[in-house]
Amino acid sequence: MQLGPTGPATIRGKLGAAACMLLASVAPAVARADPSGAVTQVDGTLLLYGEQSRTKVAEPTVRVTRLQPSGRSLSGQVVLDVMTGATPTGAMPPGVVDSTAALPPDEAPRVQTMTAASGGGGGGGSEHVPGPGDIPLAQFHDTRVALDAEWHEPITNIFGSTLGGYYSREKDYESVGASGKLSLDFLHKLTTLTLGGGVNRDHVFPSGGTPLPLSDGTVLHDERNAKDVTSALVGLSRVITRRWLISVNGSRTYEDGYLTEPYKVVSLIDPATGYTTGQITEGRPSTRQRTDVMTTMVYHFTSDVLHLSHRYYWDDWGVRSNTIDLKLRHDTGDSSFLQPHLRYYNQSQADFFTFGLVQGEPVPTYATSDYRLGPLSTATVGLTYGFHVPEQPGEFTIRAEYILQFGKGHPDTAMGVQQDFDLMPPVNIGSLVAGYSVAF
Amino acid sequence: MKTVRLLTPANALARAAWLAALGALLTGCAATKVKPWDRDLLAQKKMQLVTHPMVNAIDEHIYFSKEGSTGGGDVGGGGCGCN
Amino acid sequence: MAAPTPFPRPADGSFVERGDGCLVGRFKAMASPCEVLVDTDDPHEAALALRTAETEAQRIEAKFSRYRPDNIVHKINHAGGEPVAVDAETAQLLDFAASCYEMSGGLFDITSGALRRAWTFDGGTRVPEPRALRNLLEHIGWDKVRWDGAAIAMPEGMEIDLGGFGKEYAVDRAAALVRAEVPRAILVNFGGDLVASGPKRDGRLWSVGIEDPDHPGTSALYRIEIETGGIATSGDARRFVLWGGKRLGHILNPRTGWPVEGGPRSVTVLASTCLEAGTLATLAQLAGRGARAFLEAQGARYWTV
C-alpha cells in the first residue's frame, strides 16, 4: 500500500491506515485485537548467560496476556532465575600464593561458619587456589523466582493507565513492589505524556547473618534488613515525521535502607609490598538518590528501522554514566528479520570506591571494592534473528550477544606488587536468548 | 580521586544528538504535518519504542546486575539481590 | 547478592543477635556457651563487647587450662618437684586458692584435680576401685605444696587444676575489660556463671533465671533481677553419677575421694563478683548437709534446689 507524499491516497487507504494506528496505539506490543473477541498472547523466553570463569545463569520466563477488545489487558509473568558460578569478593590479588588462604568452600550452614583459614582446601575443597595476581572469587548458587502482574486500562481514548505488581524471592533477598503509570495522548495523538511511579519494599537476609559494615565480619543473626525504593518517571514521546519518533524520559529513584553488599569485602594491604594482609567487610551509605535522562529515537528508513538511545545517569554516590544503544532492524523477508545491536556503556566510580585500604590507616565511613561501583566500561555486540515458521502461528526470535566488560585496573594509587596486576581484568560474557510469541 | 570527563567524544556526540532531539520535541513544528493516514509506518510493531519488552527486561536485568546505573525505561519491575 | 557465599567472617561461630531489649554476643569458650549482653541498639558496640570478652576468655583459657601443653599450669604440673616462678596474675590465683583451702578447712583443694581421673560423671553408674582411689589420694593435698608467693613447688606426681574457679575469674576479668571499652550496662555469662553491671538505659534490671536441674537447658525455677553483681551456680545438673539409687554430684571431697553427700542438688549464690559467688557456691556444696548453714553464716544471698 503506497501512500505517496504527493498523490492523493484513496479514502479506503486512509481509513485503513488510521484504523491500524488506532488499534496499535491502544494495545502496545500486543497483537492486533481481533474485533470479534479477546486475544490471548503467550510470550516465552529463555536466557542462557555465561561469564568466562564466573557467573552462569539460565533464566526462563513465561508471560501470558489477555487483551480485551476495549483495550483493557491483564498479564501475568513468571521468571525463574538459576545462578551459579563464581563472583569477585572485592578482595585484591593476594600478591603471594598462600595455600592456607584458599577460596572459601561452598556455602555453609547458618550457624557454624568457616573461613579460608588453616586446612587449605579442607571441607569440600575449592576448585582452584588463586595465583598471586588473580582476583579472588567466591562460589555461589541461588535460584530466584519472580512474579509479575500488570493491568492496563484505557480510560478514554486519550488516557491510558497501567498498574503493576511484583514479587520476587531468592535465598537471601525478597522484593515486593507496585507501580502505576498514566499516559496521555494529545495533539492528535502525536504526542504522549507519561507519568509513572513505583514503590518497592525489599528485604535482605544474608546467609549466615548480616555482617557489620567495615568490620572484621562479626555477624548479626536473624536480621531482615529493609530497603525501600521509590521512583518516579516523566516521559514525553513525539512523532516528528511519518518516519521519525522521539522520546525523552527522566526518572528519579530514591533508595533508603540496607544498600550494602553483605558478601563483599575490602582488602587491607601492606603499603610496602602490596601484599594483602587481611580484609574487612564493605559498607555503603543507607540512602541513594539516582537520576537518569534517556532519549530514544526511532527512525524508519526505506525498509530498515533504527532504534538509537542515549541515557545519562548520575547519583549522589558519585557514579555518572553514559549509555549508547543502537539497533538496526532489517527485514529479510515477509516474516523474518535480522537486527544487529551495539551498546556502549561507561561509568565513573563511586566516591567511596577503593581498590583496597592500607593496613593500619583509619577506616573511612564508607568503602567498597565492588567493581560494579568502580570505573568500568561495557561494550556489547549482538545479533537477533526473528522469524515465523510458515503456516505456524507465532514468532521466534533468537539473539546472540557478546559483552566485554573492562575497567581501569591500573590506578595510580596501586602499591607494591599491586602495580603489576590488573585490578579490573576484562570479563568476556556471552548470552543467548531464545524467544517465542504467539497470540490466539 | 574521581575525574569525570564529560566532554569525551562519546559524550559530545551524545550531547549534540540529545539537544537536537530535545529541540525537535519541544518545538513540535513538524508534528502537525503528520496526518492520521500517514501513520502506516508508525503503526508497525517494529516502530514501537520498545519492540520486544521481554528481551528488553532481560537486558535491563543483566546490565542492572553488572553496572552501577539504573533506569531509562520504565517504572515497575522489582529488585533482586544481584547488585 | 546472588552470591550467598560463606563470608570470611571470624571462624569461631561467634555472632551477635537481638535479645530482649539488648544485643547479645555469643561465642564458645572454656567448653561452654558464652554470651555478653549489652544494653544497646548499636551492633558495633555489641561486636566490640563480644570480641573483648572472647579475647579475654581465650587468653585465660590458654594460660590456665590444664589441657594445654605449653602454659604455666603445664609447667607447674611437670616440674618434677622443682619450684616454678610465676607471674603476678598466677600468683594472685594461687593466693586465692590458698585462702579457699583455709576457709573450707581443707575441702577446697586445687590439687584434687587428679581425682577426676577416677570418676566419670556421665550419668552412668561406674565408681572407682578403692585401691585406685587410695593411690590418687597420696598425690593430693595443698598441705604438701610449697607456695611462698613467688614460686610454687610440689612433689612429683601432684598437679594443680584451676578449673574450680577459672570460669568465674574469667567472667569478672572479661566484664571489667568490656566495661572499659563499651560504656553500657552489660551482663557477661560464661556457661551459667555471670556478672552484671548496670544500670540499664530504661532503668530496668537484668533478669536471670535459675535453671531447673531436672530439666537443664529449658525451664527456670526462680527468677532473679539484679542491676549489679555476680551469680554462680554449683550443682549436679549435668555432671553426676548414679550409685545405689542416689544421684552423686561432681564435687569431690579431697580427703575421701568421694563426692560430697547430703548437699543440695544445686546452689546459686549472688555476690558482688562472680568469683566470690562461685567460690561460695562451691564451698557450700563441699559443706554437704551444712550447705545452707554455711551460706547463712556468710550472710550470702542464695537459692538452693
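This report walks through contacts within and between the chains of a predicted model.

## Where chain A meets chain B

The contact between the two chains involves 102 residues of chain A and 58 residues of chain B. About 6800 Å² is buried between chain A and chain B. Carbon and sulfur atoms supply 60% of that area.

Strand β14 of chain A, residues 287-300, gives the largest share of the side of chain A that touches chain B. Its share is 9 residues.

## Two salt bridges between the chains

Glu51(A) pairs with Lys66(B) in a salt bridge. Their closest N and O atoms are 2.8 Å apart.

Arg399(A) forms a salt bridge with Asp59(B), with 2.7 Å between the closest N and O atoms. Arg399(A) sits in strand β20 (residues 395-407) of chain A, and Asp59(B) in helix α2 (residues 53-66) of chain B, so this pair joins two chains. Arg399(A) has a relative accessible area of 4%, so it counts as buried. Asp59(B) is buried too, because its relative accessible area is 9%, and the cut-off is under 20%.

## Salt bridges within chains

Over all chains, the structure holds 37 salt bridges. In chain A, the side chains of Glu282(A) and Arg284(A) meet in one, at 2.6 Å from N to O. Both Glu282(A) and Arg284(A) are buried.

In chain C, Asp41(C) forms a salt bridge with Arg201(C). The closest N and O atoms are 3.3 Å apart. This pair links distant parts of the chain, 160 residues apart. Asp41(C) lies in the loop between β3 (32-38) and α1 (43-64) of chain C. Arg201(C) lies in the loop between β8 (193-197) and β9 (206-211) of chain C. Asp41(C) is exposed, at 54% relative accessible area. Arg201(C) is partly exposed, at 45%.

Chain C also holds a network of salt bridges. Glu56(C), Arg59(C), Lys63(C), Asp87(C), Glu89(C) and Arg173(C) are linked in it.

## Aromatic rings

A search of the whole structure finds 13 aromatic pairs over all chains. One of them is formed by Trp317(A) and Phe352(A). This pair is edge-to-face, with 5.1 Å from centre to centre and 70° between the planes. Trp317(A) lies in the loop between β15 (305-315) and β16 (320-331) of chain A, and Phe352(A) in the loop between β17 (336-347) and β18 (357-358) of chain A, so the pair ties together parts 35 residues apart in sequence. Both Trp317(A) and Phe352(A) are buried.

Elsewhere in chain A, four residues form one aromatic cluster: Tyr385(A), Phe387(A), Phe396(A) and Tyr436(A).

## Charges over rings

Some charged ends sit over aromatic rings. In chain A, the charged end of Arg329(A) sits over the ring of Phe337(A), 3.8 Å from the ring centre. In chain C, Lys200(C) places its charged end over the ring of Trp206(C), 4.5 Å from the centre.

## A buried threonine in chain C

Thr282(C) lies in helix α6 (residues 274-286) of chain C. Its relative accessibility is 14%, so Thr282(C) counts as buried. Setting aside neighbours within four places in sequence, Thr282(C) is in contact with Phe108(C), Ser234(C) and Ile251(C).

How values were computed:
Residues numbered from 1 in each chain as written. Chains lettered and ligands numbered in written order. Predicted model: local features only at pLDDT ≥ 70, side-chain atom pairs only at ≥ 80, totals over all residues. Heavy atoms only, no water. Phe/Tyr/Trp six-rings, centres within 6.5 Å; stacked < 30°, edge-to-face > 60°. Helix = DSSP H or I, 4+ residues; strand = E, 2+ residues; numbered from the N terminus. Buried < 20%, exposed > 50% of the residue type's maximum accessible area, 1.4 Å probe, protein only. Lys NZ or Arg CZ within 6 Å of the ring centre and 35° of its normal. Contact = heavy atoms within 4.5 Å. Buried area = accessible area lost by both parts, 1.4 Å probe. Salt bridge = Lys/Arg side-chain N within 4 Å of Asp/Glu carboxyl O.
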